[in-house]
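Biologist: I would like to learn how to read helix packing and chain contacts in a model. Where do we start?
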Amino acid sequence: MDVDTLVASLQAAVPEAQIEQAPSIDLQTTVYVPRDAVPALARALRDRPEFAFTFLAELTAVDYWPKEPRYEVVYVVVSIANRLRLRVKVRLPADDPHVATVCDVWPAANWLEREVWDLFGIAFDGHPDPRRLLMPEDWQGYPLRKDYPVQIRMTPNASEALQVTEDEFRSNLMKDRLTRGR
Amino acid sequence: MPDIKTEVMTVNMGPQHPSTHGVLRLVLELDGETVLSAAPTIGFLHTGIEKTTEQKKWQQVIPLVERMDYLSAQSNSMAFCLSVERLLGVEVPQRVRDIRVLIAELQRINSHLVWLGTHGMEVGAVSVMLYCFRERELLLNINELLAGFRLFPSYMRVGGLREDLPRGFHAAVVAFLDRFGPKLDEYEDLLTKNEIYLKRTQHVGVISKDAAVAYGLVGPIARAAGVDYDVRKYFPYLGYETYDFAVPTQTRGDVYSRYLVRVAEMRESMKICRQALARITPTGIFAIDDPRITPPPKDRVYTEMEALIQHFLIYSQGFTVPAGEAYVPVEGPRGEQGFYVVSDGTNRPWRVKSRPPSLLACQALERMIVGGLIADVIAVIGSIDVVMGDVDR
């Protein structure tokens, strides 16, 4: 499938959204989609036999501060059956960066989306476990944003030994599991 | 008979447990010996390499990316160089491509040897570890010969290699390959039909074909479940389509299948190494001839003004990369690996993102161990071959 056919059939798969082919210097087919179209497009990409993009290779974000729209979320999907690769990008504004999760389509997205939330502060609506992944849970700010200073002085958070009874510990565990939707 | 009091027990495994390959913490809930739930916690080794790269010049990123996945250092730097070269729009000479293939395959053997050694030790075969590390020493010696550094040679450069092959390189690689084939048979004698090893690994940590792809575990784990996806075959780079090798697969997707796949991969890598070595001349071109990117040879720097200026420009300012983004996938020892690099047209990267195969393996760990026995947790963690430097970056 060549590039034009791929983009045309993507547009046919999600007729309600405007799919725009993006310039790509590395010859990788790249499209921009509006953020409302992400769930429908993700399902179509995975389930339609002419695409069969069952493998989500990469999910990350780029901060183009101070340009606007500031963020881009990047999905790299691979179709093993059809030997295709596709890069899908979503532009997000600086004041309200959020996009729907694709965890339910590709389970691999779970931690990748958590990482993007952790490091860029981009929220994924409907994510089953929206916690930080790499940074400590009480960390302030989103380190990979371009306006996050590199030489930052943080007040150290001194942790005291855990002062809970066994019952409290257990109920905390249960609470933790409930909030994670299990 | 008195009632036996039973209760669900919560156990913290790690982050200092010797079998978690670094600093992986697992909160396990146990009913007797059965694992009811598992929650991996990561981030203890997060050093912000991706943020650090944004302060560095392009060439200075190479030592940093080598330290991400510290068992496949040269695969990392090769993937990074390929992405940047794609952005620059340059193509390295054929000899450099062959040398890169050779180094990448040696690195794969190196990584699989560490995996086999530690995994064998964790399921009780301590002698395998000693033997594997004995052969790995030879590979580290080759690295030392090549670049003077054993674990992180930083021998790859954007636009080629740092310098030409050292004298005696061919002899060292041939000596290793001649020795390694029979040694691999010895490891197989120790494990492949070993009753204890079979009992520890068969039908343990099973993941199905579809789940492996859905969780992004492409690489040896998916191949052990029957997915024949290998970037070298599906999306060839560096001329892999001209090499004769097979992609070993298994069907059961358990720990034992992963062992079989990785051992077979080492044999295929040896085949590729011999083919690549036959194509490489002992001396020759080792970088593209592009004055923007590669520094001039030292003897010209000492005698010509223009070469001196070029030398200073490259070492003080670096080179600029056209604005844009690139992601070139390669087949690393742990599966598809690559660097998504974004440039804004300056001499420093705007964003460098590694695709971490170990992070995805860690994510799917829960699926593989819940319902099994606690002793199998060790075998499964070993079999997915996580490197925490790659998980946390």
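Modeller: With handedness: a crossing is left-handed if the near helix is turned anticlockwise from the far one by less than a right angle, and right-handed if clockwise. Helices (H or I, at least four residues) and strands (E, at least two) are DSSP runs, numbered from the N terminus. This is a predicted model, where local features need pLDDT of at least 70 and side-chain atom pairs count only at pLDDT 80 or more, while totals for chains, interfaces and linings use all residues. Residues are numbered from 1 along each chain as its sequence is written, and chains are lettered from A and ligands numbered from 1 in the order in which they are written.

Biologist: Which hand does the crossing of H6(B) and H11(B) have?

Modeller: The crossing of H6(B) and H11(B) is left-handed. Axes are lines fitted to C-alpha atoms, for helices over the stretch in contact, with angles from 0 to 180 degrees between N-to-C directions. The axes of H6 (residues 169-191) and H11 (residues 255-279) of chain B come within 11 Å and cross at roughly 160°.

Biologist: How many residues of chain A are in contact with chain B?

Modeller: Two residues are in contact if their C-beta atoms, placed from the backbone, lie within 7 Å. On that basis 27 residues of chain A touch 35 residues of chain B. Strands S3 (55-63) and S4 (71-79) and helix H3 (109-120) of chain A each supply at least two residues of that side of chain A. S3(A) gives the most, with six residues.

Biologist: How do strands pair?

Modeller: Two strands pair if DSSP finds at least two bridges between them. In chain A, S1 (residues 20-21) pairs with S2 (residues 30-33) in the antiparallel sense over two bridges; Glu20(A) stands opposite Tyr32(A).
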